[in-house]
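Trainee: I am new to this structure and would be grateful for a guided reading of it. May we proceed by question and answer?

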Amino acid sequence: MLSAGIDIGSRSIECAVLENGKIRETRKADTGFDPAGQAKQLIKGLEFDVILATGYGRNLFEIEHDAPTITEIKAHARGAFYFFPGILTVLDIGGQDSKVMKLSESGKVIKFEMNDRCAAGTGKFLEIMAKTLGFTIENFGNAAGAAKKDLKISSMCTVFAESEVTSLVAKGENTKEIARGLHTAVVKRAVSMLNRVSPEGPVVFTGGVANNPFIIDLLSQISKREIFVPDKPEMNGAVGAALLAMEN
Amino acid sequence: MKQDLFKKLQQITDQNIADIEDHKKSGNHAIGFYCLYAPTELAAAADAIPLPLCGTRQDPIEVAEQTLPRNLCPLIKSSFGFAAAGTCPFFSFSDMIVADTTCDGKKKMFEIMSDIKPVHVLQLPQQQNFDLFLDSWKNEIENLKTVIENMTGKKITNEKISGAIRLLNLERKAKKRLMDVTKAKPSPLTGMELLTILFKTGFFADKQKGIDLMNEIADVCNALADKGESPFHTNTPRILLTGVPTGVGSDKVVKILEESGANVVAFENCSGYKQAFQVDETKDPVLALAEQYLAIPCSVMSPNQGRFDLLEEMIREFSVDGVVDLTWQACHTYNVEAYKIQDFVNERFNLPYLHIETDYSESDTEQLRVRIEAFLEMI
Ligand code: SF4
Ligand code: SF4
């Protein structure tokens with residue numbers, strides 16, 4: 001059986017097709033201004049028997065394709081449990097939100113928390129800060145990793161942090177150290193959410209931000225927990241959705 | 001059948017404004033109340049209509065923010081905005097306002113509100129230790145009695161208070177009966193319907209009309225439940241809502257829950273089951289009022305064991321599948337208490353729990369929807 005999952009997030013859309021539970025194909029596109037149109041483009045020519053949608057655009061997809069939907073919380077939990085069976089804690093940092101889920105031994109979500117309204121500590125936050133400091137998002141983590149020390153960043157609000165960073169740059173501070181400070185701030189915030197929801201044991205880290213190796217390092221240092229990251233961590237939600245499509 | 005009742009409710013609600021006007025024209029008074037701790041019996045005992053005041057809508061908040069800080073509880077801003085803009089008919093009808101020191105934001109807001117209308121503030125103890133605080137609270141009630149006597153020019157005798165206690169006990173009994181119809185599985189009423197009925201009947205000038213109507217609705221709903229008629233199924237998730245007061249206009253969480261396939265069967269908050277108490281009719285009436293009102297389990301009390309007891313009772317009696325705890329933005333007492341409530345719900349009942357912090361605006365509706373749907377997926 002071919003089952004597909006599509007994760008329509010605020011920044012990007014991912015799609016995964018599984019053949020009898022094994023990943024066969026994955027695709028990715030930017031969300032842009034027309035999530036429904038982009039999603040349609042992305043699945044063009046794709047072969048599947050069942051499809052299920054998740055992410056903030058899931059309802060648009062549901063209407064157009066008459067597909068079942070599931071929240072990204074459940075999809076990410078399912079995906080993480082697929083890559084690392086038995087895992088009890090999942091941290092997902094995506095484009096515009098971050099969340100932590102605590103799972104039962106059978107992989108059911110039993111507790112979760114999500115950031116609210118603002119983009120503090122998410123992929124979007126890092127993206128804006130990278131730009132402010134003149135780095136590309138791809139080498140932002142490496143630049144930060146090359147710094148010897150942190151420059152403390154006190155604000156996590158995207159708008160305030162940007163002006164804080166601008167004034168640090170104006171004072172002639174080292175941009176790598178600022179970058180490192182920003183990374184530390186994001187990770188500390190994630191760790192406090194992590195510890196509130198599920199304070200012990202190894203963590204599966206998913207979402208686009210999990211592609212940043214320096215964040216992973218910091219996360220394991222600061223949380224003092226073992227961190228597992230799946231291949232293509234941004235695909236986790238789509239894979240979870242595809243599994244749920246099959247199991248539905 | 002249910003539709004007819006809602007039509008009737010609407011008619012009586014329309015008629016109600018005229019009733020209040022008539023009552024006032026014949027030389028009687030109306031007194032506005034903000035909080036459950038204020039004993040409305042004292043108003044009724046002076047032939048004054050006790051009016052619960054509005055504070056559950058978004059629209060007056062803009063006006064309020066010209067005076068009050070933006071990062072304040074929306075309930076406080078909304079209450080003040082209605083007063084400042086003069087858009088709440090019940091506020092306009094009120095000859096005086098009975099306020100309370102239930103939280104710092106309200107307490108300080110009332111100082112500003114007193115420029116608009118006479119406000120009498122009850123100094124509420126923050127602990128339910130009767131040995132320490134019952135006397136001072138009883139004093140507050142006696143003072144309020146004098147204030148109302150002076151304003152209305154009517155003597156409030158013990159007989160009058162006892163009569164008012166009996167009447168309002170009947171009202172609370174009817175309210176409880178009505179709230180209990182959702183114990184049926186599936187429940188004959190949606191949470192939104194229950195909320196609307198409770199909200200509208202609260203404003204009735206003629207208490208007896210409200211009592212009769214609530215009893216009538218309860219009868220009809222119980223008959224529907226007996227026949228198994230319901231907008232829901234036996235497997236529809238049954239949700240208990242706890243936390244801050246929620247009314248028509250500040251109902252977005254209830255709406256999203258029911259749009260997402262759940263049924264809010266129980267309201268533990270002040271607009272709901274916290275009102276289901278009875279004042280002792282055999283004791284000295286002022287003492288009985290003092291005791292019963294002080295026992296209300298609001299998060300301003302520290303500690304607040306009563307809320308846990310009430311939750312325990314309700315979770316069992318309403319066969320609840322999950323608990324949603326609502327906090328208005330900047331309400332510290334409910335926000336902090338959520339930590340213990342979560343533990344209690346998770347550990348004691350092994351039920352899913354969701355804490356939501358929000359305001360009256362629609363700006364976070366989609367994010368709330370994700371959270372609420374994910375919460376329902378846990379059930
Ligand atoms: S929540 Fe507390 S302060 Fe607010 S109405 Fe209820 S009893 Fe009064
Ligand atoms: S919800 Fe909290 S902050 Fe708002 S009025 Fe009630 S007690 Fe005060």
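Trainee: How far does helix α15 (residues 365-377) of chain B reach from its first C-alpha to its last?

Mentor: Please bear in mind that the model is predicted. Helix α15 of chain B has 13 residues, and at 1.5 Å a residue the expected reach is 18 Å. The computed reach from the first C-alpha to the last is close to that expectation, at 18 Å.

Trainee: Why does the end-to-end distance of helix α14 (residues 332-349) of chain B agree with expectation?

Mentor: Helix α14 of chain B has 18 residues, so at 1.5 Å a residue it should span 26 Å. The helix also bends by about 35° at B:Ala338.

Trainee: Which elements do the buried residues of α14(B) pack against?

Mentor: The buried residues of this helix include B:Tyr334, B:Ile341, B:Phe344 and B:Phe349. In chain A, they pack against β7 (109-114). In chain B, their partners are β5 (238-243), α13 (305-317), β7 (322-328) and β8 (353-358).

Trainee: At what angle do helix α8 (residues 158-180) and helix α12 (residues 285-294) of chain B cross?

Mentor: Residues of α8(B), including B:Ile161 and B:Ile165, meet residues of α12(B), including B:Val286 and B:Leu289. By class, this contact has six nonpolar, two polar and one charged residues. The two axes come within 9 Å, and the crossing angle is roughly 35°.

Trainee: Is A:Asn236 buried or exposed?

Mentor: A:Asn236 lies in helix α9 (residues 236-247) of chain A. Beyond its neighbours within four places in sequence, A:Asn236 is in contact with residues including A:His76, A:Phe83 and A:Thr206. Its relative accessible area is 0%, so A:Asn236 is buried.

Definitions and conventions
Residues numbered from 1 in each chain as written. Chains lettered and ligands numbered in written order. Predicted model: local features only at pLDDT ≥ 70, side-chain atom pairs only at ≥ 80, totals over all residues. Heavy atoms only, no water. Helix = DSSP H or I, 4+ residues; strand = E, 2+ residues; numbered from the N terminus. Expected span 1.5 Å × (residues − 1). Bend = angle between axes of the 7 residues up to and from the residue. Buried < 20%, exposed > 50% of the residue type's maximum accessible area, 1.4 Å probe, protein only. Contact = heavy atoms within 4.5 Å. Axes fitted to C-alpha atoms, helices over the stretch in contact; angles between N-to-C directions. Nonpolar A, V, L, I, M, F, W, Y, C, P; charged D, E, K, R; others polar.
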